[in-house]
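Biologist: Could you walk me through this model, one question at a time? I would like to see how each answer is reached.

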Amino acid sequence: MEKIFDMAFHGAGASSITHKLIKEQVPTPGWLNYSRYGTFVNIYANAPEEKRCAWTVNQVKTMLK
């Protein structure tokens, strides 16, 4: 999450941050919770591998607020 704030601090918008996170294959917080604690099973169980880095602009905007 520090990476997101650092990019925003340096002027990057939510859309460019989202694209960078996807390009760099940074896992979403939901995926990390699923892999660590088994939460969000309905979203991530049997999902393709690319789902773990499926960031959305709204997720990034919410984190920045």
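Modeller: Happy to. This is a predicted model, where local features need pLDDT of at least 70, side-chain atom pairs count only at pLDDT 80 or more, and totals for chains, interfaces and linings use all residues. Residues are numbered from 1 along each chain as its sequence is written, and side-chain values use heavy atoms, with hydrogens and water left out.

Biologist: Thanks! With which side chain does the side chain of Arg52 make a polar contact?

Modeller: A polar contact is a pair of N or O atoms within 3.5 Å; within protein, one must be able to donate a hydrogen and the other to accept it, and residues adjacent in sequence count only if both atoms are side-chain atoms. Arg52 is found in the loop between α4 (41-44) and α5 (57-64), with helices taken as DSSP runs (H or I, at least four residues) numbered from the N terminus. At 2.8 Å, the partner of its side chain is that of Glu49.

Biologist: Are the rings of Trp31 and Tyr34 stacked, edge-to-face or tilted?

Modeller: Rings of Phe, Tyr and Trp (its six-membered ring) pair if their centres lie within 6.5 Å; planes under 30 degrees apart count as stacked, over 60 as edge-to-face and the rest as tilted. This rule gives three aromatic pairs. For Trp31 and Tyr34, the centres are 5.4 Å apart and the planes at 50 degrees, so the pair is tilted.

Biologist: Is Trp31 buried or exposed?

Modeller: Buried means under 20% relative accessible area, exposed over 50%, and partly exposed in between (1.4 Å probe, protein chains only). Tyr34 has 23% relative accessibility, so it counts as partly exposed. Trp31 has 18%, so it counts as buried.

Biologist: How is α1 oriented relative to α5?

Modeller: Axes are lines fitted to C-alpha atoms, for helices over the stretch in contact, and angles run from 0 to 180 degrees between N-to-C directions. Those of α1 (residues 2-9) and α5 come within 10 Å and cross at roughly 85 degrees. Angles under 35 degrees count as roughly parallel, over 145 as roughly antiparallel, 65 to 115 as roughly perpendicular and the rest as oblique. So α1 and α5 are roughly perpendicular.

Biologist: And is Asn46 buried or exposed?

Modeller: Asn46 lies in the loop between α4 and α5, and has a positive phi of about 60 degrees although it is not a glycine. With 83% relative accessibility, Asn46 counts as exposed.

Notes
Helices (H or I, at least four residues) and strands (E, at least two) are DSSP runs, numbered from the N terminus.
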